[in-house]
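Let's take a friendly walk through this model, from its core out to its surface. Please keep the sequence and the 3D view at hand as you read.

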Amino acid sequence: MLFGTFTSKSGKFCHIGGIVHSFTPSAGNVIEGGIDASDGHTDEMRHYDHAIRTLIVPEDVKGFAAEFLMGWAVTEQVTFPDTLTAIGTDEVHNVFSRCFLPEIILPQSVKEIGRFAFGHSYIRKLSVNRANTSKYNRQFKDSTIEKLYLPKDIVESGKATIDNASYGFYASFLIHCKCKIIAY
């Protein structure tokens, strides 16, 4: 389908060619009045006007438009499909920036993450797959990630260290965000 809507129990996703441009949450998924949650950088709380319980992205979604969910809070669940190949690009920024997010599992299919895609966000748990790479950096700039799960071989080989000469996608977590790394 070239354009139209995808739906899930979370709501409707309007897309063009599988790239989602807008989201309308289902009535039962909205948290009325928003939420106050940690901004991850200080002890202060931040108010999120747009707050939902779940974001279940339907199959066939390939990517997101710029600022797709910028400034939203998702309290319980984020699920990405195996069809997802990009969360932003070099030209498509801030897809999930300034968000409050629960557990995020990046599917193996994600090969491109745009600049500041999750910038200034608070993420409780992020699982990065060995197949996830991106030529850009700063995808998680100034983010707070409570628990960052990286493949054991990446952590042990030193590819996720700041002083490594092969600075890249994995090292950018240490350089650009606050996180506790857990090898799996």
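Strands here are DSSP runs of E with at least two residues, numbered from the N terminus. By that count, E67 falls in the loop between strand 7 (63–64) and strand 8 (72–79). Please bear in mind that this is a predicted model.

Most residues other than glycine have a negative phi. E67 is not a glycine, yet its phi is positive, at about 55°. N94 also has a positive phi, near 60°, and it too is a residue other than glycine. N94 sits in the loop between strand 9 (86–87) and strand 10 (100–105).

| Residue | Relative accessible area | Class |
|---|---|---|
| E67 | 46% | partly exposed |
| N94 | 21% | partly exposed |
| K9 | 61% | exposed |
| I16 | 52% | exposed |

In soluble globular proteins, nonpolar side chains tend to be buried together. In this model the largest nonpolar core has 39 residues, and the members that touch the most others are L55, F64, F80, I87, F96, L126 and F173. Two or more residues of this core come from each of strand 3 (19–25), strand 6 (50–56), strand 8, strand 10, strand 12 (122–127) and strand 13 (143–150). Another core, of eight residues, lies apart from it, and I35, A37, Y48 and F100 are among its members.

What does L126 touch, once residues up to four places away in sequence are set aside? Its partners are I104, L106, F140, I145, K147, L148, Y149 and F173.

**On the surface**

L2, F3 and I16 make a nonpolar surface patch of about 370 Å².

K9 is part of the loop between strand 1 (3–8) and strand 2. Which residues does K9 contact, leaving aside its neighbours within four places in sequence? They are S26 and I56. K9 and I56 are 47 residues apart in sequence, but their C-alpha atoms are 7.1 Å apart in space.

Note on methods
Residues numbered from 1 in each chain as written. Predicted model: local features only at pLDDT ≥ 70, side-chain atom pairs only at ≥ 80, totals over all residues. Heavy atoms only, no water. Patch = residues over 30% accessible without salt bridge, like charges linked within 9 Å, V, L, I, M, F, W, Y side chains within 5 Å. Areas by Shrake-Rupley, 256 points an atom, 1.4 Å probe, with all protein chains shown as cover. Salt bridge = Lys/Arg side-chain N within 4 Å of Asp/Glu carboxyl O. Buried < 20%, exposed > 50% of the residue type's maximum accessible area, 1.4 Å probe, protein only. Helix = DSSP H or I, 4+ residues; strand = E, 2+ residues; numbered from the N terminus. Core = buried A, V, L, I, M, F, W, Y, C linked by side-chain atoms within 4.5 Å. Contact = heavy atoms within 4.5 Å.
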